[in-house]
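Keep the viewer open and follow along.

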Amino acid sequence: MYKKLPVIMIMLLTGCLTMSGAYSISAYDSEGKLLNEKMQMIAEGSGIYSVRNAICQTYPKATVLIKDIKTGAELKSESPYKCP
């Protein structure tokens, strides 16, 4: 039981990190040029991870910025994100 305690704690803590709100997501190349200029990407809540991963598949090495739609503030815990 005690050996599984760290795993259980991590599972419980990740449940506390559920995102909420609407976010705009933009991708930039290494020179700062907007890569998705013809398309506005918006994600709701934890959907930012799916959109971010799709961007990284499309634009490897891109920098992804995630901003709150209401406030315009960058989501500091997840942005900027550098695609591998």
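Four strands make up an open sheet, arranged in the order S2-S1-S3-S4 with antiparallel pairing. The edges belong to S2 and S4, each of which has a single partner strand, so one side of each is left without a neighbour in the sheet. Please keep in mind that you are looking at a predicted model.

S1 and S3 run antiparallel and are joined by 6 bridges. To find your place there, look for Ser26, which stands opposite Leu65 in S3. S3 also pairs with S4 in the antiparallel sense, over 2 bridges. In that pairing, Thr63 is the residue opposite Lys82 in S4.

**The nonpolar core**

Which elements give two or more residues to the largest nonpolar core? This core has 14 residues, and those with the most contacts inside it are Ile25, Ile48, Val51, Ile55, Val64 and Ile66. The elements that supply two or more residues are strand S1 (22-28), strand S2 (41-44), H2 and strand S3 (63-68). H2 provides the largest share, with 4 residues. As a general background, nonpolar side chains tend to be buried together in soluble globular proteins.

Leaving aside residues up to four places away in sequence, Val51 touches Ile25, Met41 and Ala43.

**The disulfide and a charge over a ring**

The model contains 1 disulfide. It joins Cys56 to Cys83, with an S to S distance of 2.0 Å. That distance lies within the 2.5 Å cut-off for a disulfide. The pair links distant parts of the chain: Cys56 sits in helix H2 (residues 48-58), while Cys83 sits in the segment after strand S4 (81-82), 27 residues away. The link of Cys56 and Cys83 is left-handed, with -70° about the S-S bond. Are these two cysteines, Cys56 and Cys83, buried or exposed? Both Cys56 and Cys83 are buried.

Arg52 is another residue to look at, as it lies over the face of Tyr81, 4.0 Å from the ring centre. As for aromatic pairs, the structure holds 0 of them.

**Loops**

Between S3 and S4, the loop includes Pro80. A cis peptide bond joins Ser79 to Pro80, with omega at about 0°. The loop between H2 and S3 holds Lys61, whose phi is near 70°, a positive value in a residue other than glycine. Gln40, in turn, lies in the loop between S1 and S2. The C-alpha atoms of Gln40 and Ser24 are separated by 7.4 Å, although the two residues are 16 residues apart along the chain.

| Residue | Relative accessible area | Class |
|---|---|---|
| Gln40 | 64% | exposed |
| Lys61 | 55% | exposed |

The cut-off for the exposed class is over 50% relative accessible area. Gln40 counts as exposed because its relative accessibility is 64%, and Lys61 is exposed with a relative accessible area of 55%.

Note on methods. Residues are numbered from 1 along each chain as its sequence is written. This is a predicted model: local features need pLDDT of at least 70, side-chain atom pairs count only at pLDDT 80 or more; totals for chains, interfaces and linings use all residues. Side-chain values use heavy atoms; hydrogens and water are left out. Buried means under 20% relative accessible area, exposed over 50%, partly exposed in between (1.4 Å probe, protein chains only). A nonpolar core is a set of buried Ala, Val, Leu, Ile, Met, Phe, Trp, Tyr and Cys residues joined through side-chain atoms within 4.5 Å. Contact means heavy atoms within 4.5 Å. Rings of Phe, Tyr and Trp (its six-membered ring) pair if their centres lie within 6.5 Å; planes under 30 degrees apart count as stacked, over 60 as edge-to-face and the rest as tilted. A charge sits over a ring if NZ of Lys or CZ of Arg is within 6 Å of the ring centre and within 35 degrees of the ring normal. Two strands pair if DSSP finds at least two bridges between them.
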